[in-house]
Structure formats: C-alpha cells, structure tokens
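Hi everyone, thanks for coming. Today I'd like to walk you through some charged pairs, one at a time. Let me put the picture up first.

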Amino acid sequence: MHLVHDDGRTVRAGRIVETEAYLGPHDLAAHSARGRTPRNEVMFGPRGHAYVYFIYGFWDLLNVISGPPGAPQAVLLRALEPLAGLTGRTWGPGLLCRALRIDRRLNGADLRGDVLWLEEPRRRIGVDYAGEWAQRPWRFFDRDSPFVSTAPARLRPRPDAAAESLRNNGPRAHAAR
C-alpha cells in the first residue's frame, strides 16, 4: 500500500515497506495492554484511522488502527520507499513521520480522507508466479528495499537519487481510493 499526506501545499507519498503489528491488550508491547487512556483512546475506535503519538520526547509515530471498535489493535508503519514529495529519510517510524510531516494533529484522522490516506499501488510487487500463495498476508516488509529500517547504510540511496526516481511515477489517481 501507499501512504499519502497532502498538507495543502505538498503531496508526499511512499510505498509501505515495513510494518509491525500490535494485537491489543494481550500483547504486552501494545499501548492498549494497560487499558484505555486519553493517549490511546483512538485505538479503541474504528479501524482505518490514524493513531499518532509522541515518544521519547522527540518522535511522532503513526499506527493504522486495524481492529474493530473496542478491539485496540494497530499496525505501526516503520518504513517507506519514497514515491513523491519526499526528500528526507524514511526508514524508521520517527523518520517516516518527519519526512511526511505527520504529527499528533493527525491523530484520529480517517485514512480514507483527503489529508492522510492509504491507497493501493497501481501494480503489485512481482510475486504473481506464486499463485494462491501470493495473496497470503504474510509479508511484513520488503527485504529488497534499501528504505527498510534495518538495511545497511551502504545500500541506501542518496537523497538526490531518490528524487531522480520520482520522475518514473505518474500523477496521483483519486479514483484508486
């Protein structure tokens, strides 16, 4: 999927290449493990909304609410491969939010809206040869992307090289949402 943020002046977009799931109160790493709080209230709402929180006194992080109302489950977006409007680093959840200009003002945003949204890419990653296995939701990161947070620095492109790759991307398709 692609993550897109239109702040009214610039449209920034990237292909999600790394995520991390949090399965609700039984998952002791989830923010919902200690119950409902003002900070995690969004997690208890409808799926498809943004849960943006501040951590370590420095970073904003973005999660996608994935459980039905009352089931506080979320998926942390950890890394993006730049597609449009991005000049900063996008590997690591804090850097991803900084590059897309995502902060706590977007907490609770409907990810089907016109400001921050998820959209399907125009083409699939090349695994069609795998038949029914290509449709299974077991892939959590793109091991070939130099933008995954654990990729060696020597594999990461320079910022000007990432900008060059944007020339191959077409215009944003509203109909895909």
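Let's start with D60. Is its side chain buried or exposed? D60 is buried, because its relative accessible area is 14%, and the cut-off for buried is under 20%. Please keep in mind that this is a predicted model.

So who does D60 meet? Its side chain forms a salt bridge with the side chain of R104, at 3.2 Å from N to O. This pair links distant parts of the chain: D60 sits in strand 4, residues 59-65, while R104 lies in the loop between helix 1 (93-100) and strand 6 (116-119). The two residues are 44 residues apart. R104 itself is partly exposed, with a relative accessible area of 46%.

Now please find R105 and D103. Their side chains also meet in a salt bridge, with 2.4 Å from N to O. Here R105 counts as exposed, at 73% relative accessibility, whereas D103 counts as buried, at 19%.

Next, have a look at D110 and R112. They form a salt bridge too, and their closest N and O atoms are 3.1 Å apart. R112 is exposed at 64% relative accessibility. What about D110? At 29% relative accessibility, D110 counts as partly exposed, because that value falls between the 20% and 50% cut-offs.

Salt bridges can also join up into a network, and here is one: E18, E20 and R78 are linked that way.

How many salt bridges does the structure hold? The count is eight, and the ones I have shown you are among them.

Key:
Residues numbered from 1 in each chain as written. Predicted model: local features only at pLDDT ≥ 70, side-chain atom pairs only at ≥ 80, totals over all residues. Heavy atoms only, no water. Salt bridge = Lys/Arg side-chain N within 4 Å of Asp/Glu carboxyl O. Helix = DSSP H or I, 4+ residues; strand = E, 2+ residues; numbered from the N terminus. Buried < 20%, exposed > 50% of the residue type's maximum accessible area, 1.4 Å probe, protein only.
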